[in-house]
Amino acid sequence: MTGGSRFSIVVVGDGAVGKSAMTLRFLRDQFHDEYDPTIEDSYCKHVEVDGHEYTLDIIDTAGQHEYRGHWNDQFMRAGDGFICAYSIASMGSFNELAVFRNQIWQAKESENVPMIVAANKNDLADARQVASEIGMEFAHLSNASYIETSAKTGFNIHEMVHELVREIVRSRQREEYADMIDHHQHPLHQHQYQYQQQQQQSDKGEVSLAMGRCCCIIM
Ligand SMILES: Nc1nc2c(ncn2[C@@H]2O[C@H](COP(=O)(O)OP(=O)(O)OP(=O)(O)O)[C@@H](O)[C@H]2O)c(=O)[nH]1
Ligand SMILES: [Mg+2]
């Protein structure tokens, strides 16, 4: 596999929600019971999603407050897509998620960022503190997708990463489309432009009305 497009994926969330376990499950299909707080780790993996190849740089960040200072805005600015993880067995970790999301929005200067809200430890159904509906609502308000995962069983771990890759691709396509419109490259826009030029030559008084009509069609 040669690699294709290269995307940087940043995994954020409170301490002990399972960010490293999810990363390890995705990279090596392994799971460890012991907890070793992360300072910061990064990995690279080639994947195929919907028949296309991608190289993913995965940044596994620190959730524990004492280590959070070690990573900063840089990761968030450089990230193409984000996994915001909490544990369904910890309401505290869910409440903390807005802090991470807001940091991402601030760093990216946008509230439309490719993002997955991952409700991890879905195997701990008996210990659930955060109802699925609450997680979904948060994801909806964050312009993100919602997925329940378990690093322990492997449930939805690959799907989570694949969906994030799709979101990044869709976001790039939207940006390219917007650029095309901006630069009068879209066929509809070119047609509109030519039409306006003709109108300008024949009747200056009609031009603004023609533009208005055409813009409505474009929107
Ligand atoms: N039952 C269960 N335990 C999990 C799951 N994911 C992680 N754990 C356990 O939760 C603990 C914390 O997991 P980590 O992956 O180290 O958590 P983290 O989010 O990386 O924590 P920090 O690096 O401190 O931010 C470990 O003991 C894991 O074995 C899961 O899906 N289910
Ligand atoms: Mg970790």
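Tutor: A residue is called buried if 20 or more other C-beta atoms lie within 10 Å of its own, exposed if 12 or fewer do, and partly exposed in between, with C-beta atoms placed from the backbone. By that criterion, buried residues make up 33% of the 219 residues in the protein. The model is a predicted one, in which local features need pLDDT of at least 70 and side-chain atom pairs count only at pLDDT 80 or more, while totals for chains, interfaces and linings use all residues. Residues are numbered from 1 along each chain as its sequence is written, and chains are lettered from A and ligands numbered from 1 in the order in which they are written.

The protein has nine helices and six strands; these are DSSP runs numbered from the N terminus, helices being H or I with at least four residues and strands being E with at least two. Two residues are in contact if their C-beta atoms, placed from the backbone, lie within 7 Å. Among the contacts in the protein with a separation of 6 or more, 69% are between residues 24 or more positions apart.

The part in question is helix H1, residues 19-28. Seven of the 10 residues of H1 are buried, namely Lys19, Ser20, Ala21, Met22, Thr23, Arg25 and Phe26. The cover over these buried residues includes strands S1 (5-13), S2 (40-49), S3 (52-61), S4 (81-87) and S5 (115-120), together with helix H7 (157-182).

H1 also gives the most to the shell around ligand 1, with three residues. A residue is near the ligand if its C-beta atom, placed from the backbone, lies within 6 Å of it. The shell comprises 24 residues, the closest being Gly18, Ser20, Ala21, Thr38 and Gly63. By class, the shell has eight nonpolar, 10 polar and six charged residues; Ala, Val, Leu, Ile, Met, Phe, Trp, Tyr, Cys and Pro count as nonpolar, Asp, Glu, Lys and Arg as charged, and the others, Gly among them, as polar.

The backbone on either side of H1 also deserves attention. Most residues other than glycine have a negative phi. In the loop between S1 and H1 lies alanine 16, whose phi is positive, near 70°. Alanine 16 is partly exposed, with 16 other C-beta atoms within 10 Å. Just after H1, aspartate 29 takes a positive phi of about 55°.
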